Structures are given as C-alpha cells and as structure tokens.
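Please look over the sequence and the structure shown here, and then read the report that follows alongside them.

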Amino acid sequence: MSNRLLEVKNLVTHFNITNGIFGRTTGVVHAVDDVSFVLNRAETLSIVGESGCGKSTTGRSILKLIPMKSGKIIFMNEDTSSLSSTEMQKMRVNMQMIFQDPFSSLNPRLTIGSAIAEPLKRHKLFSGKDLKDKVNELLVRVGLLPENANRYPHEFSGGQRQRICIARALGPKPALIVADEAVSALDVTIQAQIINLMMDLQDEFEISFLFISHDMAVVERISHKVAVMYLGRIVEIGSRIQVFENPSHPYTNKLLNAVPVADPNVARKSDGLLNDEVPSPIKPVGYSTPPVKMEEVEMGHFVSLN
Amino acid sequence: MENLLEANNLSVYFDSDDGVIKAVDGISFKIKHGETLALVGESGSGKSVSAMSLMRLNEITNGYIASGSIKFSLSKNETVDIVTIKDDGLQKIRGNEISMIFQEPTTSLNPVLTIGKQISESIELHQKLNKEDAKKKTVEMLNLVRIPEPEKQYKQYPHHFSGGMRQRVMIAMALSCRPKLLIADEPTTALDVTIQSQILSLINNLQNQLGMAILFITHDMGIVAEVADRVIVMLNGKIVEEGLPKQIFHNPGEEYTKRLINAVPKIGSMRGKKNPEKFFEI
C-alpha cells in the first residue's frame with residue numbers, strides 16, 4: 001500500500017466579489033493561488049501563516065467544502081475531482097475536520113452522544129447497541145466519561161468540547177483529519193493536553209493531520225512537515241527541521257523572528273521601527289497569477305522564487 | 001508611598017443566580033514606578049477583572065469590589081485609595097493618571113467618530129486644552145505611534161483601519177494624557193504575530209520615552225518573557241506565585257506555575273529532534 005495519502009496539485013481557489021444590484025463581479029480574492037504538496041500516512045503537515053494567507057481555504061478546498069477553481073486532489077489514490085457526489089460522500093468517511101471554535105462547531109441542541117454518533121449514522125457505519133458502544137468507546141478514548149453522552153455542549157468547557165469534536169472526527173476511522181486552528185482558542189495547559197491526545201491518536205490509528213495554524217511554536221512541536229503560506233501561495237515547504245533550522249524564505253524568517261520566545265534569557269526587545277501591513281489578496285477580474293516557481297534548497301526543502 | 005500602586009487584600013465579586021462568584025479573591029500586589037508587571041493566567045483566573053478594578057470599571061458588568069484597598073500615588077505626597085475615592089476624584093484618575101487598552105480594538109473604538117475626534121476629545125477633557133491645541137497634540141500622538149500621514153488619518157473612521165492600526169490608535173488615545181500607569185489587557189491577542197511584534201516594540205519604545213508603568217495582562221508566556229520586569233501568576237481568583245521572569249520560567253516554585261511553564265511550546269526547543277514530541281504532563 002502506498003505511503004502517499006494525499007497529493008494536492010496546483011490548487012487554485014478564488015472568490016468573486018460582487019457589487020451593486022446586478023451582482024457584477026468587481027474583483028477576485030485570490031485565496032489559494034497554486035498550492036501543491038504531498039501528505040503521507042501517519043504524518044502531520046502543518047500549514048502555517050497569518051490571517052488571510054489562504055490556509056483555511058486550502059483545508060476546506062481539499063475536503064471539497066469549498067469548490068476549487070482548478071487543480072487536482074488525489075486522495076487515497078483517487079482523483080476526487082472526478083468523483084460523483086455519492087462517491088465523494090463515501091470518500092468523506094476517510095477525511096474529517098476539527099474547527100477552531102469548539103463552541104460553534106457543536107449543535108447546541110444535540111446531546112454530545114448524538115453529535116458523535118451523527119457521522120457514524122450518516123455513513124451507516126454503526127447502529128443500535130453497537131452505535132452506543134462505539135460512542136462510549138470514543139468518549140473514553142478522548143478522556144471523557146461515557147456518562148457524559150447525554151449532556152449538552154454548553155455543560156462542557158472549551159477543552160472538553162474540543163475533545164468531543166475530536167471524538168466525533170475519530171468515529172469514522174478517517175485516514176486524514178484536517179485540524180483548522182483546532183487548539184488556538186484553548187488555554188495553554190488545555191492546548192498541551194489536546195496536542196498530546198492528537199499525537200497519541202496518530203500513533204495508535206496512523207492518522208495523518210493537516211494542521212492549520214498561525215502558531216509557530218505549536219507547529220514546531222507537532223509537525224513532521226511544514227508549509228508556510230503567504231497571500232495564497234506556499235513560500236516555503238520542507239521537513240520541520242529544515243524549515244525551522246534552515247529557514248530560507250524572507251517571509252519565513254520574518255515570521256520566526258516575530259514569535260515571542262518563552263525564555264527570558266533569549267527574549268529580545270526589538271526596535272519597532274517597522275509599520276507594514278499585509279497586502280490585499282484581492283485582484284482585478286481577469287488577473288492571472290503566474291504559476292509558482294520553486295527552488296529546491298536541500299533535498300525535499302523548497303522555497304518559492306515568486 | 002514608594003510604589004506607584006499598592007493593592008491590598010483586593011476582592012471583586014459578582015452576584016449570580018448560583019450565588020456569589022469570587023472572581024478575585026483577596027489578592028495583594030504592588031506596581032513600582034516605571035516597571036512592567038505581567039499579570040498572567042488562563043481563562044477565568046481573574047486577571048482581567050483585577051485590571052478593571054484598578055479603575056473601578058467592574059460596575060459596568062455588575063461586579064463590585066467586596067474588600068481591600070487600591071492605593072495610588074498621585075504625587076510624592078498625595079496617595080488616594082481608588083476603592084473609596086469619590087466619583088469626581090475617580091474621573092480625574094481615569095484616562096489621565098491610569099489608562100487602559102483592550103484586546104479588541106474594533107469594539108473599543110467608537111465607530112461613528114473619526115479617530116482624531118476620539119483622541120482630541122479625551123485631551124480636551126483631561127488637559128483642559130482648546131480644540132486647536134488638542135488637535136495639534138492628537139497629531140503628535142498619532143506620529144508617536146507611527147501612523148503614517150497623521151493629519152490625513154485624523155479624519156478617518158475606525159473601519160478604515162486594520163486591526164494593528166486600530167490598536168495603535170487605541171495606544172495613542174491611552175497615552176495622550178501621559179498616564180503614570182498603562183493597563184494593557186491582552187492588547188495583541190487578536191493580532192497576527194508579525195503585527196504583534198511591532199505593537200510590542202512600539203509599547204516598549206513608548207515606555208522608554210514616557211516612563212510610565214505598565215500592567216500587562218496576557219496568557220502568552222512568550223510575551224511575558226519579552227516584556228516583563230516582574231511576573232504575577234493567577235489561578236481561580238488568587239495569586240499563586242510572584243517573581244522575576246528568570247525565577248518563574250527557570251525555577252517555578254508552585255505546582256500550577258510548573259504546569260503552566262511546561263505546557264508552553266518554546267520555539268527553538270525542537271532543535272535537532274527528528275520526531276514530534278509530546279508535552280511533558282505533570
């Protein structure tokens with residue numbers, strides 16, 4: 001069985017900006033502008049970047065939650081763009097998502113047991129007593145008591161809700177989980193627990209994570225590979241060691257330098273003469289971004305030239 | 001009083017259907033002139049409520065100071081207790097002696113007033129200047145926080161600015177009356193990391209120039225390491241530990257502080273390690 005789980009080739013996702021009562025398109029947001037990468041089994045690839053860089057849109061495009069403009073997504077050896085909607089539904093068992101806000105990603109009117117059971121019922125994986133047992137098993141696996149199954153989301157803390165979301169994503173036994181800023185809204189001690197849980201689950205179930213985050217320090221901890229995004233493109237991609245110890249793109253360096261170091265011996269108070277803002281990803285209608293040109297800095301480590 | 005501020009046995013409570021919530025439960029701390037004190041804790045620790053109590057702002061959210069004193073040094077010979085001071089005395093302190101910046105610059109700025117007007121209003125009120133002089137001072141402040149073309153930007157509304165720029169406007173407003181104490185409640189949490197870095201540097205530079213003390217509230221230990229002269233750790237309304245940054249980070253005394261420090265991912269800590277690593281859980 002091939003080790004390659006997901007291959008994204010030249011992914012482009014744009015959003016039209018419409019104005020006026022006739023809905024004329026006046027501009028195009030180049031959210032994702034020619035993104036390519038490979039993710040192997042039981043591997044964590046982090047996509048890191050600041051707000052508006054296109055990392056969330058990339059994750060959603062891969063899961064086909066947002067239609068892409070062009071490109072290829074090859075998941076478990078299938079080209080997902082050629083799948084019918086029924087076939088895609090079957091495929092979705094293998095790809096699940098956890099979101100940033102554990103408060104809004106759970107239906108407040110469903111018990112957490114029902115929430116976790118939902119994807120299992122939808123994909124007809126379990127029913128009856130087996131379903132109940134499976135839900136309890138999942139709750140225990142994420143560190144919650146099975147008795148909690150009948151309680152509602154508002155009765156839990158943020159960290160607990162994120163565990164519930166993980167249990168829900170884990171149920172269908174996915175090969176891929178897209179975690180979109182899944183720990184950003186959590187307190188730091190809870191964040192550490194959730195990250196440890198995700199790493200345990202990766203070891204146990206060989207799950208691959210597409211970990212979308214703005215937090216370089218967390219990314220350094222959890223990733224095998226890292227892709228740095230800026231204005232819809234990957235500007236640098238490589239193993240975690242390569243990108244963190246040999247950052248080769250100016251933006252990666254800028255990002256790394258900006259992260260406050262949690263060590264008073266190392267911490268430096270910088271000069272603060274900079275005052276720059278991130279440029280807008282909005283381009284005029286018809287503008288065509290030139291294809292990405294990458295240079296291989298060392299084996300497996302690529303840097304964008306444009 | 002040799003310190004700028006001394007809080008003694010301070011408690012802030014909220015009444016609720018489930019009884020009294022002791023958001024802040026008998027804390028004591030001091031802030032020295034010109035120092036940066038970091039107040040760190042996770043959600044629900046009571047750090048924001050403590051900060052708001054220094055200007056008696058808790059009443060807005062139905063909180064009340066249940067006990068304690070907050071002694072503030074107005075001058076060499078004059079000290080007041082913010083807990084008991086009358087309303088007109090409090091007005092003189094708010095914005096003038098003690099000033100505050102918040103996490104969400106979007107909701108802290110009045111959307112229907114130009115940013116220039118918002119700043120000069122505050123200056124007119126506290127420094128008794130006429131409109132023209134207040135406007136001049138406002139432009140000076142906008143320059144100080146490095147907003148380009150300040151005379152032009154004076155007439156702009158908050159929605160014309162990005163998050164980072166709005167935070168600069170907030171800082172300009174907060175510092176326009178040269179307060180002795182700036183309370184910064186998670187001022188960079190909502191900002192991208194590169195913008196955060198610029199804002200932190202700006203705050204540092206302004207402190208060097210203007211000499212004010214800063215009470216910096218954050219949950220981010222990286223920021224604490226970068227800005228703090230001293231650190232206070234809060235948990236469930238109480239102060240758990242207090243000390244210099246080096247002590248807190250390298251030699252934490254308390255159980256909770258140890259757990260906190262352990263849970264923080266320190267960038268650069270994975271050098272040379274091939275595989276991802278779990279956090280060491282206490």
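In this predicted model, B:Asn62 lies in the loop between helix 1 (47-53) and strand 4 of chain B. Although B:Asn62 is a residue other than glycine, its phi is positive, near 65°. A:Glu181, which is not a glycine either, has a positive phi of about 50°, and its place is in the loop between strand 7 (176-180) and helix 6 of chain A. The table sets out the surroundings of these two residues.

| Residue | Other C-beta atoms within 10 Å | Class |
|---|---|---|
| A:Glu181 | 19 C-beta atoms | partly exposed |

Strand 4 of chain B, spanning residues 63-73, runs antiparallel to strand 1 (residues 5-16) of chain B, and eight bridges join the two. Within this pairing, B:Val12 stands opposite B:Ile65 of strand 4 of chain B. Both strands belong to an open sheet of four strands in chain B, ordered 2-1-4-5, with antiparallel pairing. Because strand 2 (19-31) and strand 5 (79-81) of chain B stand at the edges and each have a single partner strand, one side of each is left without a neighbour in the sheet. On average, and with direction ignored, neighbouring strands of this sheet are turned by 10° against each other.

The two chains also touch: the contact takes 40 residues from chain A and 41 residues from chain B. On the side of chain A, the elements that give two or more residues are helix 6 (188-205), helix 7 (216-222), helix 8 (240-245) and helix 9 (250-258), and helix 6 of chain A gives the most, with eight residues. The residues on this side of chain A divide into 18 nonpolar, 12 polar and 10 charged.

Methods. Residues are numbered from 1 along each chain as its sequence is written. Chains are lettered from A and ligands numbered from 1 in the order in which they are written. This is a predicted model: local features need pLDDT of at least 70, side-chain atom pairs count only at pLDDT 80 or more; totals for chains, interfaces and linings use all residues. Two residues are in contact if their C-beta atoms, placed from the backbone, lie within 7 Å. Ala, Val, Leu, Ile, Met, Phe, Trp, Tyr, Cys and Pro count as nonpolar, Asp, Glu, Lys and Arg as charged, and the others, Gly among them, as polar. Two strands pair if DSSP finds at least two bridges between them. Axes are lines fitted to C-alpha atoms, for helices over the stretch in contact, and angles run from 0 to 180 degrees between N-to-C directions. A residue is buried if 20 or more other C-beta atoms lie within 10 Å of its own, exposed if 12 or fewer, and partly exposed in between; C-beta atoms are placed from the backbone.
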